[in-house]
Amino acid sequence: MAIAKHLGFNERIGIGSLALLPKDHLYDFVDQLMEEFVVVGPVAKGSEFVFSEIRDPEQVRLDYETTILPPKKVLHRPFQTLFSFREDGGITEEERINKRQVLFGVHPCDVHAISILDKAYGSEYPDPYYMAHREQTLIIALNCTQVGKNCFCHSLDTGPSLKEGYDLLLTDLGCSYLVEVGSESGTGIVERTGLALAPRVKMVEKEKRLDNARKKFRKRLLTQGLHELLEENFRHPIWEELIKSCLACGSCTMVCPTCFCYNVVDKIDLSLKSGRRQREWDSCMLLEYAQVALGHNFRRDRDARIKQRIYHKLLYYEPQFGTLGCVGCGRCISACVKKIDITEIIVRMRGE
Amino acid sequence: MLNPFRPEPAVIKEIKKETHDTTTYTLTFKDANIQADYFFQPGQFNMITIFGIGEAPISISSDPDNRSSFQHTVRHVGNVTNKLATLQEGAIVGVRGPYGTGWPIDLMQGKNVLIVAGGIGLAPLRPVILHLIKHRAEFGKVEILYGARTPNDMLYTDQYADWSRQDRFRVLFTVDRITGDRQWPHRVGVVTTLFQEMESTPENTLVLTCGPEIMMQFVVKNLLQRGFNQQQIYVSLERRMNCGVRKCGKCQIGPKFVCRDGPVFALAELAALPEETLGGVAIE
């Protein structure tokens, strides 16, 4: 079914334009996207949500709070073959031509996380596997009008609204989604799907709904003086408590949208003459992570690993990538079986 | 897009046994053009692949002026290096690099150089020693302190005579212990015992050190007590690495990526970090 074009505006569609997507046209819109792109969006999985390739538009669930894994998984794949090799050194690289994909319904925190990954993988010796996926990916983001119980993006300025990093940006206005155009590619989608343009006044309604969302946050992570706080509290009693509690299972890092570490392994074929070099997500929380030959381990102690994660996210990303390494998605809190909470660690350090 | 993870095939031209567990390999890239374009700074490393086993960072140990081949002195202690021990001359390995920072050759110009090495830690310093010999007039006095576990664990033993006879070169040795009834004209004890007979002073001197981190910890502490400062001491660190190009994250110390910001660091760069993150190089 085609969506009737609004005729009341002469404004040309471009970056910064506004359009409306009526909610009862959402599935049609997704259907139209699917003709052009692989569409990856939020779908229900049991009582939770995951990003998954959309096969049927009606699977899409824009009422989700957060997904188990961030959409990172379609850019920096959990397992990625780097190349095939023969014993004699002959190498065949994997085809890196991917179909254009749309990441649909991505929350602001996850869009911020992708921009951090862009810096980690895109700078100096760009990672060809990440970049191949990334360059083929459009982002249709979704501002948050509802807030998960572990969300704290508002205190890191990574949500609940988004300012950049999207091709299109949706905001739930009740009966329809406001659509903001963020790029040429986004312009093309609005044109091809025939979305009706929306008047500027809709932005007022958008802000009202986002202000309302901002009141719903139950957690926060104050960034004021955070660097000094962390530098001064390398020996705070909280670390001793965390050693007793943390199982060093790595769940927090597996669900983190900004974690970029990986391990590399060679998988050899049965002939023992050829094989594949693969990489897989790794975690600084795991014992073997910093182990070198002869078994020496630079972070054998669990407290060194716990500190590495927290200090990396909140202190070391800044000099490395010019931004905080935490986007406040709260997944590490949800994933922790021992209920370790990064916001609580900072609250304790501040002595609040 | 260029693939920085793709190793280039290189041929093992020569194998020379250094000790019971350490070997020096002479390599050239199979592709003559790649070999012709390849050069490195003393202190840099390559990622070495044994196809089917994996990849490991290994420092380059040859003369940087030699553009026809390059060498790695490898201690056989891990999966990749143990497999390397089984290969014969003519075998193919994968190589990519060079990566990382080198020793501060430019800053060393006109200065005295003190080199303190322990065990396999001499390997990444050998390119410096060869450079100092070849460009002798550009540098001041050179003193090399080398410690190993036993006399049989010492690397490059056939080259010490050449090093010692160089103008304004002084080479001192020590071992942790002597095996059997072997004659040993040098010192017994950890490498810092050589500081007692060392002639180097903090004045106009740069220090380069590499070895186990516990050794470097004592070397650094001792040198600081003797009036050397953190700006004139350079250390080379070992860390796990899966990429060599600031991607896999394994080698991080604080905000530093050892593969890119190191492996050679001025001690002053590390001193700003919390001491636990240094994995043993405690700086007091």
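Colleague: How far apart do the C-alpha centres of domain 1 and domain 2 of chain B lie?

Modeller: Those C-alpha centres are 22 Å apart. The contact (heavy atoms within 4.5 Å) takes 27 residues from domain 1 of chain B and 27 residues from domain 2 of chain B. Domain 1 covers 8-99 and domain 2 covers 105-280, with bounds from an automatic or database domain assignment.

Colleague: Before we go on, what should I know about the model itself?

Modeller: This is a predicted model, where local features need pLDDT of at least 70, side-chain atom pairs count only at pLDDT 80 or more, and totals for chains, interfaces and linings use all residues. Residues are numbered from 1 along each chain as its sequence is written, chains are lettered from A and ligands numbered from 1 in the order in which they are written, and side-chain values use heavy atoms, leaving out hydrogens and water.

Colleague: Which residues of helix α4 of chain A are buried?

Modeller: Start with the general idea: an α-helix has 3.6 residues a turn, so residues three or four places apart point the same way. In α4(A), residues 184-193, the buried ones are Gly186(A), Thr187(A), Gly188(A), Ile189(A), Val190(A) and Thr193(A). Buried means under 20% relative accessible area, exposed over 50%, and partly exposed in between, with a 1.4 Å probe and protein chains only. Helices here are DSSP runs of H or I with at least four residues, strands are runs of E with at least two, and both are numbered from the N terminus. The buried residues of α4(A) pack against β1, α1, β7, β8 and β9 of chain A.

Colleague: Which side chain of opposite charge is nearest to Asp167(A)?

Modeller: That is Arg134(A), 6.3 Å away; Asp167(A) is buried yet has no salt bridge, meaning a side-chain nitrogen of Lys or Arg within 4 Å of a carboxyl oxygen of Asp or Glu. Asp167(A) lies in the loop between β7 and β8 of chain A.

Terms used:
Lys, Arg positive; Asp, Glu negative; His and termini not counted.
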